[in-house]
Amino acid sequence: MHTFHNPDRFMSDLRQILSQGRKRIGLLVGAGAPMSLRVNDAGTLVSKGGRSLMPGVEALTTQAIDALTGQQKAAAEAIRAELGATANIESILTRIRLLQQALGPAQVHGLDSEGYKALGAEVCRKIGEVVGVPLPKERNAYTELVSWVSGTLRAHAVEIFTTNYDLLFEEAFERSRASYFDGFTGGHLPFFDPVSVASDDLPPRWSRLWKLHGSLGWALEGDSVVRGRGRTASQLVYPDHLKYELTQKQPYSALFERLRQFLLTPDSILLTSGFSFRDAHICAVLDEALAMNANASVMAFQYMPLASEEPACKLAYERPNLSVYASDGAVIGGVKGTWRPGDPPKNWEDIRATFWGPRWPGEQSQFLLGDFALLTRFCALAQATDMSAQTTPDAAIAALGGGAPTAIAVALANAGRLRREC
């Protein structure tokens, strides 16, 4: 017995949901999203070549370590060599923090406890420099997403949850003159207000932007986290073994509670993009909330094939109201299946081209919305009834900067619509 899923059916439902403005919609955006934007050395979007706007974990590790100097670089390189092929910025920072706590005046790789404290701070500063790049001036995936969010009259505000430290969403909202609330209030020295985050009493036209791991521009002054201190300020949850502990403190605890409450609200839909499902503390919130609220759904579009998306699939098998849409198949209603498009209805071929086709010339057709740029274009075109060749995936990649997309997630929890064939 083999199971097939028809992407046309699910994308038809998703387009209807996205266009109506009546559902409570949220997005969870991870580190993979900005990688779908390709830029040249001047930071201008390009359709071919170039580099990702932001690096992946491996490239971030290399850039952060290579930017160090002197004994700090020697110690970091030694730790990286000890950890072996699996070493990344998270495991390196974890080792640095452990050495900071354990050493005292003793030295390892030429640094004592205070030396490793300084090294950890410097590595974090380098991370902030890497992710502090500005949003390209050209029309791009972030501006397209904001256009869709702010271009529909909504009964409920769209809520964007992101683990990223960058300011790309803030720049996109402000460039479009679209109102948003990020939990801070005040003019001279905006401070985090957990009461406003919990109460959710702003008008629906104000989008919500929740930075789950903190942001560039945040700073700790006294006992309060404030915003507006520039790109060099970085009160962040850095990727190390202390991540879970830090998320239990303000402002992070209020933001994680906001994610939980969103999923506990009846008839809510969370689209995830660029999220690997390897953050245990976020997956714990998703797991608990989906178990408590069967009327909520998480829709996860992943860039890689199902075989490479094990963490997302594992949660989808346990929680049927979480669906995984990968390039070669899906897990929907807890059932794994490969893609098999059906006979398209009238005028559907052009719409299908926005989510199904070859990723690159000469390749076989596959599900495309694991690319953040194509996902945002799909959202922006949700209300379009007449499509043209200009909205095909190749054209969208060219218009939005193109390049190699990344792991992204958006899944439509609609367990009843699957097709089984022997």
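**Reading helix packing, strands and burial**

Tutor: Start with a contact between two helices. In helix 10, F256, L259, R260, L263 and L264 meet a set of residues in helix 11, namely H281, I282, V285, L286, E288, A289 and M292. By class, the residues of this contact divide into nine nonpolar, one polar and two charged. The model is predicted.

Student: How is a helix pair described, and what are the angle and axis distance for helix 10 and helix 11?

Tutor: Two values describe packed helices: the angle between their axes and the distance between those axes. Here helix 10 covers residues 252-264 and helix 11 covers residues 280-292. They pack at about 25°, and their axes are 9 Å apart. That angle makes helix 10 roughly parallel to helix 11. The cut-off is an angle under 35 degrees.

Student: Is the crossing of helix 10 and helix 11 left-handed or right-handed?

Tutor: Right-handed, as helix 10 passes helix 11.

Student: Now strands. Which strands join strand 14 by bridges, and do they run parallel or antiparallel?

Tutor: Look for the bridges, then the direction. Strand 14 spans residues 268-273. Strand 2 (residues 24-29) is joined to strand 14 by six bridges, and the two run parallel. Four bridges link strand 14 to strand 15, also in parallel.

Student: What are the bridge partners of G26 and T272?

Tutor: G26 has L270 in strand 14 as its bridge partner. T272 has A300 in strand 15.

Student: Is strand 14 mostly covered or open?

Tutor: Count buried residues, then check each face. Buried means a relative accessible area under 20%. In strand 14, six of six residues are buried, and the strand is mostly covered. Both of its faces are covered. S268, L270 and T272 are buried on one side, and I269, L271 and S273 on the other.

Student: How many residues of strand 15 are buried, and which lie on each side?

Tutor: Strand 15 runs over residues 297-301, and five of its five residues are buried. Strand 15 is therefore largely enclosed by the rest of the structure. S297, M299 and F301 make up one covered side, V298 and A300 the other.

Student: What does P55 contact beyond its neighbours in sequence?

Tutor: Setting aside neighbours within four places, P55 is in contact with M35, L60, Q63 and V130. There is also a C-alpha separation to read: P55 and V131 are 76 residues apart along the chain, with 8.3 Å between their C-alpha atoms.

Student: What is the relative accessible area of E174, and where does E174 lie?

Tutor: E174 lies in helix 7 (residues 168-175). Its relative accessible area is 43%, which means partly exposed. T143 is 31 residues away from E174 along the chain, and their C-alpha atoms are separated by 9.9 Å.

Student: How many helices and strands does the protein have?

Tutor: The protein has 15 helices and 21 strands. Of its 422 residues, 54% are buried. For contacts between residues at least 6 apart in sequence, 71% join residues at least 24 apart.

Terms used. Residues are numbered from 1 along each chain as its sequence is written. This is a predicted model: local features need pLDDT of at least 70, side-chain atom pairs count only at pLDDT 80 or more; totals for chains, interfaces and linings use all residues. Side-chain values use heavy atoms; hydrogens and water are left out. Axes are lines fitted to C-alpha atoms, for helices over the stretch in contact, and angles run from 0 to 180 degrees between N-to-C directions. Angles under 35 degrees count as roughly parallel, over 145 as roughly antiparallel, 65 to 115 as roughly perpendicular and the rest as oblique. A crossing is left-handed if the near helix is turned anticlockwise from the far one by less than a right angle, and right-handed if clockwise. Contact means heavy atoms within 4.5 Å. Ala, Val, Leu, Ile, Met, Phe, Trp, Tyr, Cys and Pro count as nonpolar, Asp, Glu, Lys and Arg as charged, and the others, Gly among them, as polar. Buried means under 20% relative accessible area, exposed over 50%, partly exposed in between (1.4 Å probe, protein chains only). Two strands pair if DSSP finds at least two bridges between them.
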